[in-house]
Amino acid sequence: MDLFALHGRVAVVTGGNGGIGLGMAKGLARAGASIVVAARDPKKNKAAVRELEALSAKVLAVETDVRQTESCQTLFRKAAQAFGTVDILINNAGMNVRLQPEEYDIDSWNTVLETNLTSAMLCSKYAHQVMVRQGAGKIINIGSMMSIFGAPFASAYAASKGGIVQFTKACASAWAKDNIQVNAVLPGWIDTDLTRRGRKEVSGLHERVLARTPAGRWGDPDDHAGVAIFLSGKGSDFITGAAITVDGGFSIQA
Ligand code: NDP
């Protein structure tokens, strides 16, 4: 039995049109999975489809806003129409509004919480309906170093990412009986659009990350391909509720 083969599997990746989501989607595609890219920007969706098709994967892009309940519902309907099922869900869509805690208003707070945390509840709920029928499933939720640490500019983001880890544990314990494994991945500092903006907004961030990361570099989206394949395949069937760091050692550095 190949513990890492995903032939015939169907994966929905929210935020799969760039950054870490695309890095994970490429890993799954290389392992044989069909991919559903779920994000808002049609141009980026199209480019991601081309990149994934070049790896010989079957790919569908569904324009999705994970903050909207109906949009998430439509995503799973279209995925099932195109591929018959959904075996893997990666709740990866995310964003940040960098403010001091006292500067948030309810809209900026809700934007972060809805995009990063509530979306995972919605998509997991619709994925569960499919997975429970087929008797198996894999859900991967994307946390962050802010699932563990705090930062002055990240109270909403840290709340959402701490919440993701606890949400992961709750779903893992609820759905183990359905043979659905739910795990979290906590990336370190990865070079994407999100952190490029962060590096502009937070002075000294780039240097601090390099100094603290034992691997001595920023992470790359492709660094997440391996963990995505592992948590999607048979090799992780007895792993559930875990939070796995992919951080070049950032979180173990004293
Ligand atoms: P990017 O900004 O590169 O990607 C974010 C993705 O989320 C895009 O594909 C974007 O697509 C999508 N997205 C954002 N809002 C929505 C929405 N409302 N509906 C649907 N899709 C949405 O960031 P990263 O790749 O860096 O981030 C991916 C995940 O990894 C996030 O959850 C982030 O918090 C997390 N993370 C990132 C780290 C890093 O260092 N980069 C570290 C730790 C965690 P579109 O705009 O087209 O909708």
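**Figure 1. Helix 1 in the predicted model spans residues 19-30.** The helix has twelve residues. From its first C-alpha to its last, helix 1 reaches 17 Å. That is close to the 16 Å expected at 1.5 Å a residue. Helix 1 is mostly covered, with ten of its twelve residues buried. The buried set consists of I20, G21, L22, G23, M24, A25, K26, G27, L28 and A29. A lysine, K26, is among them. Just after the helix comes G32, with a positive phi of about 110°.

**Figure 2. Helix 4 covers residues 106-134.** This helix holds 29 residues. At 1.5 Å a residue, helix 4 should span 42 Å. Its end C-alpha atoms are 40 Å apart, in agreement with that expectation. The helix also carries a bend of about 45°, located at E114.

**Figure 3. A salt bridge joins R98 and E201.** Their side chains meet at 3.4 Å, N to O. R98 sits in the loop between strand 4 (88-91) and helix 4, and E201 in helix 6, so the contact ties together parts that are 103 residues apart in sequence. Is R98 buried or exposed? R98 counts as buried because its relative accessibility is 18%, and the cut-off for buried is under 20%. In the model as a whole, the count comes to eleven salt bridges.

**Figure 4. K138 pairs with D237.** The side chains form a salt bridge at 2.7 Å, N to O. K138 belongs to strand 5 (residues 137-142), while D237 is in the loop between helix 8 (225-232) and strand 7 (243-246), so this pair links parts 99 residues apart in sequence. K138 is buried, at a relative accessible area of 5%. D237 counts as partly exposed, at 30% relative accessibility.

**Figure 5. D191, D193, R196 and R199 are linked in a network of salt bridges.** One of the contacts joins R199 to D191. Here the closest N and O atoms are 2.7 Å apart. R199 is partly exposed, with a relative accessible area of 22%. D191 is also partly exposed, at 30%.

**Figure 6. S56 has a positive phi although this residue is not a glycine.** The phi of S56 is near 70°. Where does S56 lie? S56 is in the loop between helix 2 (42-53) and strand 3 (59-63). The residue is exposed, with a relative accessible area of 69%.

**Figure 7. N179 is a residue other than glycine with a positive phi.** Its value is about 60°. N179 is found in the loop between helix 5 (155-175) and strand 6 (180-187). With a relative accessible area of 36%, N179 is partly exposed.

**Figure 8. M1, L3 and F4 make a nonpolar surface patch.** Together, these residues have about 350 Å² of accessible area. F4 is placed in the segment before strand 1 (10-14). Its relative accessible area is 43%, so F4 is partly exposed.

**Figure 9. G204 occupies the loop between helix 6 (193-201) and helix 7 (205-212).** The glycine is partly exposed, with a relative accessible area of 33%. How many Å separate the C-alpha atoms of G204 and V97? They are separated by 18 Å. Along the chain, G204 and V97 are 107 residues apart.

Conventions: Residues are numbered from 1 along each chain as its sequence is written. This is a predicted model: local features need pLDDT of at least 70, side-chain atom pairs count only at pLDDT 80 or more; totals for chains, interfaces and linings use all residues. Side-chain values use heavy atoms; hydrogens and water are left out. Patches are made of residues with over 30% relative accessible area and no salt bridge: like charges are joined within 9 Å, nonpolar side chains (Val, Leu, Ile, Met, Phe, Trp, Tyr) within 5 Å. Accessible areas come from the Shrake-Rupley method with a 1.4 Å probe; for residues, only the protein chains shown count as cover. A salt bridge is a side-chain nitrogen of Lys or Arg within 4 Å of a carboxyl oxygen of Asp or Glu. Helices (H or I, at least four residues) and strands (E, at least two) are DSSP runs, numbered from the N terminus. Buried means under 20% relative accessible area, exposed over 50%, partly exposed in between (1.4 Å probe, protein chains only). The expected span of a helix is 1.5 Å times one less than its number of residues. The bend at a residue is the angle between axes fitted to the seven residues ending there and the seven starting there.
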